[in-house]
Structure formats: C-alpha cells, structure tokens
Amino acid sequence: MKSLDLFIFIDALGWKQVQERDFLADLLPRRQKCETVFGYSSTCDPTILTGKMPDEHGHFSCFIKATDERPFHQLGPLSLLPHKVAGNHRVRNRVSRWLGKRLGYTGYFQIYSVPFQHLQHLDYTEKRDIYQEGGILGGQPAIFELWERSTKAWTRSDWRQPDEVNIAHMRHEIERGDAELGYLFLGRPDAIMHQHGTRGPEVDAGFDRLASDLRSLHALAQKHYQGVRFHVFSDHGMSDTVTASDLWPRWKKAFRRARYGHDYVGVWDSTMARFWFEDEGLRTEARNFLTESQDGGRIVSREELTRWGCNFPGDRYGEMIYLLPPGSIFAPSFMNQRWVKGMHGYEPEHEDCDASWLTNAEGRDAGHLSEIFPNMLAAAGMAPEVCAQPLRPALTA
C-alpha cells in the first residue's frame with residue numbers, strides 16, 4: 001500500500017483560533033504558529049505556492065493604478081447608474097462574471113465595491129489562475145508544476161468549488177488510492193468569520209463541522225494507505241472588528257478639487273489605502289492629512305515594506321500606503337460598503353494575523369508562510385535545488 005501526504009489549506013485558520021479551540025490536537029500533535037506576510041490572501045497564497053516573498057512572486061493586492069493597459073476603460077458609463085443599483089452586490093457579481101469572461105481572466109476576479117467611475121483608471125493583477133502553470137506573476141513555478149515533474153501521483157481540489165464539493169472530491173481520490181500527494185482547499189472558516197467574527201455559535205459550529213470532516217477524511221485514508229500524513233495550514237488569522245474608519249468620505253471632502261485618475265489614484269482596501277500621485281504638492285498635502293487623520297492608522301514606512309518583503313519595484317502597489325490597526329476597517333471601502341465583523345490584512349507581526357501549521361509528521365516544521373512550500377516539495381521527494389532552475393519571464397499585471 002502507498003503512503004499519502006495530504007496538504008489541507010484552511011483559509012483564515014489563525015493560530016489564536018487553533019489554540020482557543022485546541023483544534024484537532026489529538027490528530028495533529030505537531031503544532032506551531034506560522035508567521036504570515038503583509039497583505040491579504042492575494043499576497044499569502046502565492047507565497048504558500050512558491051515559497052517566495054511577495055516582492056519576489058509579484059502578488060500583493062487585487063487592484064493597481066493602470067498604466068499602459070486599461071482593461072476597464074469601457075465601464076465609465078456604468079457610473080451613471082443610481083447608487084442603489086450600482087452598489088447592489090448581485091449587480092456587482094453579474095458584472096464581475098461577465099467582465100472576467102469577456103477579458104479572458106482565469107484567476108480569482110471580483111470588482112467588489114470599486115466605484116465604476118474609478119475602475120477605468122485601474123488594472124487588475126490576478127488575471128491568471130495562480131494554481132495553474134504560468135499563473136505566478138514573478139514567473140516562479142507553483143508547487144503543482146513541480147509535483148507534476150515528480151514520480152508521485154497527485155491530486156488537487158478546485159478553489160472555485162464549495163468545501164463540500166472539495167471534500168467529496170478528496171474522499172473519492174482517497175478511495176481510489178492512487179494519489180500519494182494531495183492538496184485540499186477549504187474556504188468556509190474565512191467566510192464565517194468575516195460574517196460573524198471569531199467567536200459565537202455560528203463560528204463554533206463551523207469549526208466543529210470542519211474538525212468532523214477532517215477526522216472522517218483521516219479515518220478513510222487510513223483504510224486505503226499504509227502511511228497517512230496530514231498537514232493542515234492557513235494563510236493568515238482573523239481579527240474581530242471593533243471600529244470602522246470613515247477616512248474615505250473624509251478624504252473625498254478634503255480633496256474634492258483633486259481629480260481621480262489625473263492628479264492621483266487611490267485604492268481603498270479593507271484595512272489599507274494605497275495611493276499614487278502625479279503632483280508633489282498633493283503628495284505632501286495627502287501625507288499631512290493622513291498623518292493627522294486621528295483614526296489610529298499610520299503610513300507604512302519604506303523600511304517596514306522592505307522588512308515585510310513588500311517593497312515592490314516602481315511602487316507597483318502604491319507609493320504611499322496607509323494602514324489601519326488590527327480591529328479596524330474602512331467602511332465604506334472599495335471592498336465593502338458596510339461593516340463586516342471579522343477582517344485580516346494588518347501588520348503581519350500582530351498576533352491576530354498569525355497563521356497555523358498542524359501536522360502528524362515528524363520533522364515537518366513551518367514557522368513562516370514561506371516554509372510550507374519546502375514541506376510540499378519534500379513530500380514529493382524533491383530537493384529545494386529544483387527551484388533554482390531558470391524561471392519563465394515575469395508577467396505583467
């Protein structure tokens with residue numbers, strides 16, 4: 001009989017959530033805090049898949065200032081829609097599906113709550129599926145390209161599918177008994193905690209169901225494999241939100257004479273605002289305004305960006321980044337019109353942001369997000385030197 005190494009990605013399974021619930025402690029006794037990287041899942045997931053820091057793999061946030069390519073330039077007329085229609089999430093989802101198909105995007109794509117009049121001045125980064133060959137902007141191979149070169153059979157779930165479908169898929173693959181490597185994608189905890197926060201009956205029920213599903217999967221694997229090694233990990237943790245910043249409306253009032261797309265471009269993510277300026281005077285005025293905004297946020301220094309591996313060439317993701325403290329979100333923002341109860345994307349050193357690494361395998365450690373990749377490589381019997389091979393050319397956004 002074969003052995004199985006199953007790598008189970010659980011979105012937002014933070015170290016605090018693991019400790020508070022003693023999550024699967026008997027099944028996965030080797031457990032450690034896993035330091036995350038600065039940003040959201042769009043930053044974290046490529047680090048997991050490549051073992052590289054963000055300024056190497058090239059991914060950070062969804063939207064950037066458009067330069068040569070302006071994929072959304074034809075959406076300007078949609079800004080004439082009444083706010084009740086333009087801001088409706090069903091309308092937004094339909095426009096996102098239509099636009100993604102029209103533009104040929106294969107990666108995760110969603111326009112969220114970005115104002116239609118601003119979209120024409122923005123570009124999108126994850127146009128290609130990062131789980132497929134050629135999807136990483138920096139040109140590095142994702143782990144699955146390397147598994148394909150190994151001598152072991154492997155399987156992977158589909159990040160687009162709900163957890164129930166992905167678990168059923170993995171059960172089928174385990175019953176077949178062919179795959180020796182597996183990657184299971186589970187996103188339910190992230191969605192639950194965004195809606196309800198990190199505690200409460202809905203969250204407890206979600207974690208109980210998750211634990212039950214994984215125990216069942218492990219028991220099934222033991223019937224079909226001689227050795228079963230489960231490795232559970234996440235991309236980041238989650239904070240309960242206790243305050244909301246109205247900085248965006250105040251910004252629009254303070255800089256009502258500044259023209260978006262001409263004098264500056266700004267992107268208001270859930271926990272950070274990123275800016276590009278065409279005028280030095282406006283840049284200085286904006287810095288002063290943000291410094292004195294008095295909502296607990298701060299401008300991230302260049303030294304911090306370098307330390308966090310997010311000092312991108314050419315200020316690709318913003319020449320000035322204003323970051324909120326843990327527990328605070330922008331409401332409204334380009335991501336959400338209303339307050340959500342749980343959020344991530346704060347300074348990576350904060351304890352709420354820590355991810356998790358849980359395993360039943362000896363000698364498998366991952367104290368940082370970038371160290372999950374070597375474990376997946378080792379499970380395939382491949383040495384780290386394989387990643388020293390020449391990379392494909394880096395991609396544009």
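Reply: Start with how the angles are made. Axes are lines fitted to C-alpha atoms, for helices over the stretch in contact, and angles run from 0 to 180 degrees between N-to-C directions. Helices (H or I, at least four residues) and strands (E, at least two) are DSSP runs, numbered from the N terminus. This is a predicted model, where local features need pLDDT of at least 70, side-chain atom pairs count only at pLDDT 80 or more, and totals for chains, interfaces and linings use all residues. Residues are numbered from 1 along each chain as its sequence is written, and side-chain values use heavy atoms, without hydrogens or water.

Helix α11 (residues 247-254) packs against helix α12 (residues 280-291) at an angle of about 140 degrees, and their axes are 12 Å apart. That angle makes α11 oblique to α12. Under 35 degrees counts as roughly parallel, over 145 as roughly antiparallel, 65 to 115 as roughly perpendicular, and the rest as oblique. The crossing of α11 past α12 is right-handed.

Who touches whom? α11 brings Leu247, Arg250, Trp251 and Ala254, while α12 brings Ala286, Phe289 and Leu290. Contact means heavy atoms within 4.5 Å. By type, the contact residues are 6 nonpolar, no polar and 1 charged. Here Ala, Val, Leu, Ile, Met, Phe, Trp, Tyr, Cys and Pro count as nonpolar, Asp, Glu, Lys and Arg as charged, and the others, Gly among them, as polar.

Next, the sheet. An open sheet holds 6 strands in the order β2-β16-β7-β1-β6-β5, with mixed pairing. β2 (30-34) and β5 (154-156) are at the edges with a single partner strand each, so one side of each has no neighbour in the sheet. From one strand to the next, the twist averages 15 degrees. Strands pair if DSSP finds at least two bridges between them.

Look at β7 (residues 227-233). With β16 (residues 355-359), β7 pairs in the antiparallel sense over 3 bridges. His231 stands opposite Thr359 of β16. With β1, the pairing of β7 is parallel, over 7 bridges. There, Leu4 has Val228 in β7 as its bridge partner. Of the 7 residues of β7, 6 are buried, meaning under 20% relative accessible area (1.4 Å probe, protein chains only; exposed is over 50%, partly exposed in between).

Definitions and conventions
A crossing is left-handed if the near helix is turned anticlockwise from the far one by less than a right angle, and right-handed if clockwise.
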